[in-house]
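Thanks, everyone. I will go through some helix contacts, then the pockets, and finish with an aromatic pair.

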Amino acid sequence: MSPDLSPFDSLDFEGAAARLEGVIRHTPLVPVQLPPDCADERLCLRAKLENRQVCGAFKARGAWNNIAQLSPEERERGVVTCSSGNNGRALAWAAERAGVAATIVMPRDAYPNKIEACRELGARVVLSRDRLGADEDAAELAAQGLVFIHPYDRAGTVEGAGTVGLELLQDWPEVELVLVPVGGGGLVAGVSLCMKRALGAAVRVLGVEPVGAPSMQRGLAAGEVVSLPEIQTCIQGLCPTNSGALNIEICSQTLDDVWLVEDAPVLEAMAWWVAHGEVVEPAGAATLAVVREGMVPEEWLESRTAEDPLRVVVVVSGGNPAPEQLEQARSRA
């Protein structure tokens with residue numbers, strides 16, 4: 001039985017794409033040739049390079065889509081969000097472009113380069129004790145009058161992220177498997193809904209989460225938001241305390257599975273990207289990590305050949321590593 005996607009009819013990816021036209025980049029979809037020890041000729045692999053996006057991450061899509069839809073009264077009030085990095089930078093960029101005041105609430109352990117990037121774009125940065133504290137402080141500022149732009153659990157954010165799916169459909173409509181990194185779930189919700197609307201069961205969409213922060217997997221199992229009691233991963237960007245309610249609702253109908261990956265293979269995949277000329281942060285390397293680890297099930301490949309391979313896309317979500325991470329990746333490469 002096909003899933004019922006009608007509850008999400010109000011999410012308009014084409015409308016978001018129109019708002020984003022001329023503002024963000026249509027990022028490249030490039031072939032990936034893995035080394036013999038982890039390659040499989042029955043698999044044709046391409047990467048969607050959102051690390052080359054404006055602000056270095058897919059977050060620019062949702063940020064501009066949200067800012068572009070503010071009313072004059074909301075623009076006057078200014079906006080606030082909570083972020084460990086890429087979302088904050090993207091909203092600061094979008095707000096500056098639109099002439100809107102922005103406040104970014106960040107945990108104190110956010111990468112220093114990401115904190116500074118928000119400030120350089122004219123945003124006020126508020127540092128909180130941790131991720132939960134950032135959520136609470138942002139909510140308090142919203143209660144005082146700022147417009148809260150949720151980093152992932154908001155229709156405009158999901159719509160913007162879903163334009164990644166529209167570009168995939170344009171560039172490779174024959175795709176059969178799309179792997180998407182999962183933090184709060186805005187990207188995977190948008191991409192999976194967009195792809196399933198167009199291709200239905202002809203495409204599988206899977207989320208990839210760190211073993212130490214499985215908020216989407218647990219949320220889907222429970223059918224509701226599950227707050228993780230602790231985070232046990234170093235992959236910033238993929239470790240909020242929970243996945244969003246809207247995103248869990250969408251993914252319960254559109255997502256084929258969630259795969260969990262350890263931190264070490266993610267950092268190794270990041271080093272592989274860096275060695276091949278791409279600046280990719282750990283969160284952006286998670287999808288390639290599961291392919292390199294051989295996690296694509298054999299039953300999905302057993303009837304495929306080099307002439308008729310499984311067509312797979314890995315979404316590379318961002319390219320803003322901390323300088324020390326980039327140096328470590330270069331030393332491992």
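I start with a contact between two helices. From α1, the residues Phe 13, Glu 14, Ala 16, Ala 17, Arg 19 and Leu 20 touch Val 158, Glu 159, Gly 160, Gly 162, Thr 163 and Leu 166 of α7. By class, the residues of this α1 and α7 contact are 6 nonpolar, 3 polar and 3 charged. Please keep in mind throughout that this is a predicted model.

Now the geometry. Helix α1 covers residues 13-20 and helix α7 covers residues 155-171; their axes lie 8 Å apart, at an angle of about 90 degrees. An angle from 65 to 115 degrees counts as roughly perpendicular, and α1 and α7 are therefore roughly perpendicular to each other.

Helix α1 has a contact with α2 as well. The packing angle of α1 and α2 is about 90 degrees, and the axes are 9 Å apart. That makes α1 roughly perpendicular to α2. On the α1 side the residues are Ala 16, Arg 19 and Leu 20, and on the α2 side they are Arg 61, Trp 64, Asn 65 and Ala 68. The contact of α1 with α2 divides into 4 nonpolar, 1 polar and 2 charged residues.

The next contact is that of α4 with α5. How do the axes of α4 and α5 cross? They come within 8 Å and cross at roughly 10 degrees, with helix α5 running over residues 112-120. The cut-off for roughly parallel is under 35 degrees, so α4 is roughly parallel to α5. Asn 86, Gly 88, Arg 89 and Ala 92 represent α4 here, and Lys 114, Ala 117 and Cys 118 represent α5. In the contact of α4 with α5 there are 3 nonpolar, 2 polar and 2 charged residues.

On to the pockets. How much space lies in the largest pocket? About 630 Å³. Its lining has 38 residues, and those nearest the centre are Lys 59, Ser 84, Pro 151, Tyr 152 and Pro 240. Two or more lining residues come from each of α4 (86-98), α6 (131-143) and α8 (186-199). Which element gives the most to this lining? It is α6, with 4 residues. The lining of the largest pocket splits into 17 nonpolar, 16 polar and 5 charged residues.

The second largest pocket has a volume of about 310 Å³. It is lined by 19 residues, with Leu 34, Cys 38, Ala 39, Asp 40 and Leu 43 closest to the centre. At least two lining residues each come from β2 (43-49), α12 (282-292) and α13 (298-301). Strand β2 gives the most to the lining of the second largest pocket, with 3 residues. The classes in that lining are 12 nonpolar, 2 polar and 5 charged.

Last, the aromatic rings. The count of aromatic pairs comes to 3. In one of them, Trp 64 and Trp 93, the ring centres are 6.2 Å apart and the planes are at 50 degrees, so the pair is tilted. Trp 64 sits in helix α2 (residues 59-68) and Trp 93 in helix α4; the two are 29 residues apart, and the pair links distant parts of the chain.

Terms used: Residues numbered from 1 in each chain as written. Predicted model: local features only at pLDDT ≥ 70, side-chain atom pairs only at ≥ 80, totals over all residues. Heavy atoms only, no water. Axes fitted to C-alpha atoms, helices over the stretch in contact; angles between N-to-C directions. Parallel < 35°, antiparallel > 145°, perpendicular 65-115°, else oblique. Contact = heavy atoms within 4.5 Å. Nonpolar A, V, L, I, M, F, W, Y, C, P; charged D, E, K, R; others polar. 1 Å grid on protein atoms, 1.4 Å probe; cavity = no way out; pocket = protein on both sides within 12 Å on 5 of 7 lines; lining within 4 Å. Points joined across faces, edges and corners; volume = space filled by probe spheres on them. Phe/Tyr/Trp six-rings, centres within 6.5 Å; stacked < 30°, edge-to-face > 60°.
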